[in-house]
Amino acid sequence: MTTTLASPLALPCGATIPNRLCKAALTEGLADPLNRATERHERLYRAWSQGGAGLVITGNVQIDRRYLERPGNVVIDGAATGDDDGLEALRRYAAAGTVGGNHLWMQLNHPGRQTPTHVCPEPVAPSAVPLLNHSAAQFAPPRALREDEIEDVIRRWARAAGVAREAGFTGIQVHAAHGYLLSQFLSPVANRRTDGWGGGLAERARLLREVVRACRRAVGAGFPIGVKLNSSDFQQGGFSADDCLQVVRWLGEDGVDLLELSGGSYESPTMMGAKLRGPDAERPAAESTRRREAYFLEYAAAMRGAAAMPVMVTGGFRTRAAMDEALSAGELDMVGLGRPMCVDTDLPRRLLSGECAQAVAYERDIDPPKAGLAWFCLQLIRIGDGLEPDRGLDGATAMARYAENEARTARGLVGR
Ligand SMILES: Cc1cc2nc3c(=O)[nH]c(=O)nc-3n(C[C@H](O)[C@H](O)[C@H](O)COP(=O)(O)O)c2cc1C
């Protein structure tokens with residue numbers, strides 16, 4: 001039987017995802033001043049749940065409130081939030097996000113050195129290596145984590161996974177991509193440790209693997225665990241496509257249910273389509289439409305060969321033809337969609353019904369292009385507030401409003 005976007009996907013743990021479309025993780029910034037979920041999450045995730053994707057993954061939720069990706073993150077760290085991790089709010093969030101019968105997985109993250117200075121003046125990382133191409137006013141230089149702190153990261157991750165399950169989320173995704181803490185550990189550029197947590201690939205991958213295994217112990221055998229991983233960092237000396245291949249094999253041994261392939265970091269933002277750089281970028285021009293459209297597809301076929309679990313690819317997919325081709329060519333098992341879902345929450349339903357053959361590539365018209373992240377983030381906030389997306393928002397206004405929103409949210413934070 002041919003696999004189509006409408007085909008269900010059985011996972012190694014026994015769970016089944018109803019179709020092959022996934023709303024990828026998109027940071028919402030909608031938490032309250034104690035970093036708990038709010039009604040704004042419920043509104044946004046109800047819209048996505050009704051939008052037809054078989055799998056909806058949350059924006060990154062932090063496992064430690066000292067280290068935020070941005071001020072409005074949801075945090076699950078058991079610290080004094082007043083009501084037990086905001087469990088009741090998480091339950092309402094999970095209920096709203098599953099009304100459509102989809103899976104709803106919580107993405108768990110620690111940003112490491114990629115935490116803005118205005119929310120974290122003293123970041124931690126595998127080693128004291130600051131981010132390239134960014135000022136200390138944007139991202140303060142990190143200090144190296146002590147070993148006991150690394151053990152604490154593992155405990156926190158597992159605990160948060162257990163809370164996600166208790167609240168009604170149907171799976172978790174460990175964020176090991178895009179230059180955040182686990183991705184920093186994987187990178188020989190960011191990880192200069194000489195103890196058992198750095199050095200060779202086995203040591204650099206140890207934290208990710210221990211996090212996955214600890215999460216498995218916390219959630220039990222039948223609960224889906226996904227990992228988002230870079231196919232490459234696209235950086236000289238960074239985590240390479242060859243490294244990725246080996247890590248994918250190990251993650252199969254560790255019982256991961258779904259591997260999401262992406263790429264890049266704040267230093268080399270290829271996840272949003274910035275030109276690929278570094279040694280892994282030196283390849284012949286992509287020969288097929290689908291490979292020109294989807295940024296990481298040419299890595300996926302090799303990774304899928306090495307992977308014991310299904311593979312999802314996120315980044316650039318906009319046409320149903322490219323999605324269908326990639327599925328039928330066996331290059332992937334699921335298609336991840338990011339930016340289009342910030343505006344057109346029902347896109348998966350329309351792709352599945354055949355009503356729509358192509359997502360709108362809003363990013364192409366945002367001027368200046370660097371306003372893209374702010375533009376998409378503001379659309380999520382509008383939907384969370386019960387407003388329609390503002391498709392005509394101009395780039396300069398988006399940047400100013402986003403900066404103002406982040407500063408105001410940071411000023412309001414309490415309990416940290
Ligand atoms: C507004 C916005 C927020 C994002 N937040 C996250 C996040 O929290 N976690 C994550 O893994 N990726 C995040 N991403 C990356 C997306 O999941 C996805 O990998 C990227 O947008 C490429 O897919 P696309 O071309 O379909 O947009 C974000 C992207 C955007 C535009």
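Q: So how much of the protein chain counts as buried?
A: Of its 416 residues, 54% count as buried, where buried requires 20 or more other C-beta atoms within 10 Å of the residue's own, exposed means 12 or fewer, partly exposed lies in between, and the C-beta atoms are placed from the backbone. This is a predicted model, in which local features need pLDDT of at least 70 and side-chain atom pairs count only at pLDDT 80 or more, while totals for chains, interfaces and linings use all residues. Residues are numbered from 1 along each chain as its sequence is written.

Q: What pLDDT does the protein chain average?
A: The average is 95, and 96% of the residues score at least 70; pLDDT is the predictor's confidence in each residue, from 0 to 100.

Q: And which elements have the lowest and the highest mean pLDDT?
A: Helix α8 (residues 289–293) has the lowest, at 81, and strand β4 (residues 55–57) the highest, at 99. Helices (H or I, at least four residues) and strands (E, at least two) are DSSP runs, numbered from the N terminus.

Q: What does the radius of gyration of the protein chain come to?
A: The value is 20 Å, which agrees with the radius near 22 Å that a compact globule of 416 residues would have; the radius is taken over C-alpha atoms, and the globule rule is 2.2 Å times the number of residues to the power 0.38. Along its principal axes, the C-alpha trace spans about 50 × 45 × 45 Å.

Q: Switching to strand β9, is it buried or exposed?
A: In strand β9 (residues 171–176), 6 of the 6 residues are buried, so the strand is largely enclosed by the rest of the structure. Gly 171, Gln 173 and His 175 point one way, and Ile 172, Val 174 and Ala 176 point the other way.

Q: Which strand pairs with β9 over 4 bridges?
A: That is strand β6 (residues 103–109), in the parallel sense, with Trp 105 as the bridge partner of Gly 171; strands pair if DSSP finds at least two bridges between them. Strand β10 (residues 225–230) also runs parallel to β9, joined by 5 bridges, and there Lys 228 is the bridge partner of His 175.

Q: Now the ligand: which residues come nearest?
A: Of the 25 residues around the ligand, Ala 24, Ala 25, Asn 60, Gly 338 and Arg 339 come nearest, a residue being near if its C-beta atom, placed from the backbone, lies within 6 Å. Helix α12 (residues 372–384) gives the most to this shell, with 3 residues.
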